[in-house]
Amino acid sequence: MNQLSAPVVTSSKPSKCTRLRALLESPQLEFIMEAHNGISARIVEEAGFKGIWASGLALSAQFGVRDNNEASWTQIVEMLEFMSDITQIPILLDGDTGYGNFNNMRRLVRKLEQRGIAGVCIEDKLFPKTNSFINGNRQPLADIDEFCGKIKAGKDSQIDADFCIIARVEALIAGWDLPEALRRAQAYYAAGADAILIHSKLSRPDQVLAFAKEWAGRSPLVIVPTKYYSTPTDVFRQAGISLVIWANHMIRAAVASMEAIAKEVQASETLVNIEDHIAPLKEIFRLQGADELQAAEKRYFSDGRQHTHAFVLAATRGEEFHGLTLDKPKVMLPIGGKPLLRNLVDKFKKLAINNVTVIAGYKPETIDVPGTKVIQNPEYETTGELASLACAQGKFSDDMLVVYGDLLFRSYILRDLLDCPGEIVTIVDSVKHSKSVSGSPDYAYCSAPDELSLFGQNVDLLQISKAMQTQGKEFSGRWVGMLRFRSQGRQWLEEALNELQKQADFNSMSLADLCNYLIAQGKPIKVIYIRGHWLDINSLDDLDLAFQLQK
Ligand code: SPV
Ligand code: MG
């Protein structure tokens with residue numbers, strides 16, 4: 001489970017410390033498995049283990065350093081935090097010698113608790129230690145009193161009463177006899193250790209079994225059967241062992257697999273032989289909790305802008321520009337050196353709309369604005385805007401914009417369009433007699449005039465027409481060719497396109513005809529009023545004006 005999707009641990013759920021203690025004190029034999037980073041910790045948890053051994057050997061190995069305290073304790077704690085964040089089961093840290101004296105031990109315990117670690121095991125060797133299986137009998141042991149002081153200091157520092165400190169007896173590793181091991185274990189237990197780990201490097205379990213017999217259940221007993229791995233697990237059960245640590249098997253599994261794969265790819269210079277032998281990418285995403293992030297994006301990116309898909313109608317050549325548009329469509333005309341379409345796409349990008357489809361017609365190969373996908377209406381010469389839009393129908397999304405490619409506008413207009421609630425939203429300019437009107441404008445008739453309200457009015461579009469008056473009423477403003485559709489609106493749009501395509505005059509229909517059809521079907525189109533700050537480019541004069549607007 002991803003850290004951010006992990007359920008909040010409520011008081012009804014025992015803490016990780018309490019669950020580690022329960023494992024130690026359980027009447028049955030329990031097992032914990034090594035992990036060395038976030039993903040291995042998650043794999044261990046998913047396999048069904050009730051706890052994790054954060055092995056010093058494995059943690060240093062994954063850093064590529066030796067098990068000699070070459071990684072600092074803070075580097076270890078950083079990794080533990082990743083492991084703890086991604087899992088719910090308790091983690092027992094292999095804390096080596098406690099990384100210093102009693103004082104370092106106190107700080108370690110506090111930091112471990114802060115990062116959600118359930119316990120620490122410390123061993124009675126000297127800092128910097130060496131792994132027990134490398135020249136074990138040459139390693140000096142800690143002074144018993146000094147080590148007991150470390151245990152006491154740790155116990156006095158813990159806040160959760162169930163945080164566990166396990167004392168690891170290295171006497172048998174270092175070549176001492178059973179009585180010395182017992183003497184040490186007794187002292188550590190008396191100092192407050194919650195359990196004793198008795199370690200052995202023999203390939204048979206004789207030493208630990210002899211110790212278990214003499215120890216006689218004074219405290220929970222923990223073992224690490226790395227070297228005596230062939231011992232049947234029931235033997236440990238019968239000996240009254242509390243907890244078995246499988247101490248390094250995840251890092252060894254990873255290393256074996258990585259070595260094989262690296263060698264194969266290096267030798268064969270192809271991936272074809274290994275693909276079926278490695279985890280699929282989707283398994284990596286699953287372990288990382290990618291799904292949770294996608295769900296969260298839906299919840300928290302309430303404007304959903306990163307998913308907004310903009311469709312730009314850009315099929316016409318623009319004959320009114322004569323020679324200027326011989327070799328390119330109108331949307332590629334430069335304004336201040338930048339093609340009109342590029343200006344539009346920059347506006348989209350500013351608002352994190354990165355999914356832009358341009359529906360081209362005339363000379364589509366000349367449309368090379370980065371960050372856009374170009375599709376073509378092959379019949380652009382004999383069809384109109386709706387036919388172009390229908391070419392993109394397969395790409396429609398639940399959050400989409402439809403915009404004329406020859407529009408220029410200030411960014412806030414697009415921002416307001418995206419922010420306005422409504423299944424279909426459009427823009428109307430309430431300045432009725434602007435000098436900048438060219439071409440043949442579309443006049444919008446709305447349910448209420450612009451009241452210059454600061455907070456936005458609830459206004460519906462009633463009709464779009466080429467006439468400045470209908471049924472004795474004057475128009476409310478000029479319609480700006482921009483529409484925003486949310487999911488229901490997109491459905492209405494698709495239904496409308498499907499129906500209109502059956503009509504004989506479909507090929508001559510415009511976006512305005514679409515709006516009128518939707519309104520006639522009872523589908524509300526919300527209006528945002530603006531006052532200027534936009535232009536559609538219909539003439540050379542418009543190009544000059546556009547240059548001014550851009551400044
Ligand atoms: C570890 O896993 O780092 C241990 C156990 O300390 S052992 O390597 O067996 O000493
Ligand atoms: Mg270790």
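Searching the whole structure, which is a predicted model, turns up two cavities of 30 Å³ or more. The largest cavity holds about 150 Å³ of space. Its lining is made up of 17 residues, and those nearest the centre are Leu 57, Asp 94, Asn 131, Arg 168 and His 199. By class, the lining of the largest cavity comprises five nonpolar, seven polar and five charged residues.

The second largest cavity has about 90 Å³ of space. It is lined by 13 residues, with Gly 56, Ser 60, Ala 71, Ile 76 and Asp 96 closest to its centre.

What sits in the largest cavity? Ligand 1 does. The residues around ligand 1 are Trp 53, Ser 55, Gly 56, Leu 57, Asp 94, Asn 131, Ser 132, Phe 133, Arg 168, His 199, Val 224 and Ala 247. This shell divides into five nonpolar, five polar and two charged residues.

Oxygen atoms of the ligand take part in polar contacts with the protein. At Gly 56 a polar backbone atom is 3.2 Å from an oxygen atom of ligand 1. Ligand 1 taken alone exposes 280 Å², and the protein buries 100% of that area.

On the scale of the chain, the protein is divided into domain 1 (16-255), domain 2 (270-302) and domain 3 (303-550). The C-alpha centres of domain 1 and domain 3 are 68 Å apart.

Methods
Residues are numbered from 1 along each chain as its sequence is written. Chains are lettered from A and ligands numbered from 1 in the order in which they are written. This is a predicted model: local features need pLDDT of at least 70, side-chain atom pairs count only at pLDDT 80 or more; totals for chains, interfaces and linings use all residues. Side-chain values use heavy atoms; hydrogens and water are left out. A residue is near a molecule or strand if one of its heavy atoms lies within 4 Å of it. A polar contact is a pair of N or O atoms within 3.5 Å; within protein, one must be able to donate a hydrogen and the other to accept it, and residues adjacent in sequence count only if both atoms are side-chain atoms. Accessible areas come from the Shrake-Rupley method with a 1.4 Å probe; for residues, only the protein chains shown count as cover. On a 1 Å grid over the protein atoms alone, a cavity is a set of points where a 1.4 Å probe fits but cannot get out, and a pocket is an open set with protein on both sides within 12 Å along at least five of seven lines; lining residues have an atom within 4 Å of a point. A molecule sits in a cavity or pocket if more than half of its atoms lie within 2 Å of its grid points. Ala, Val, Leu, Ile, Met, Phe, Trp, Tyr, Cys and Pro count as nonpolar, Asp, Glu, Lys and Arg as charged, and the others, Gly among them, as polar. Domain bounds come from an automatic or database domain assignment. Grid points are joined across faces, edges and corners, and a volume is the space filled by probe spheres set on the points.
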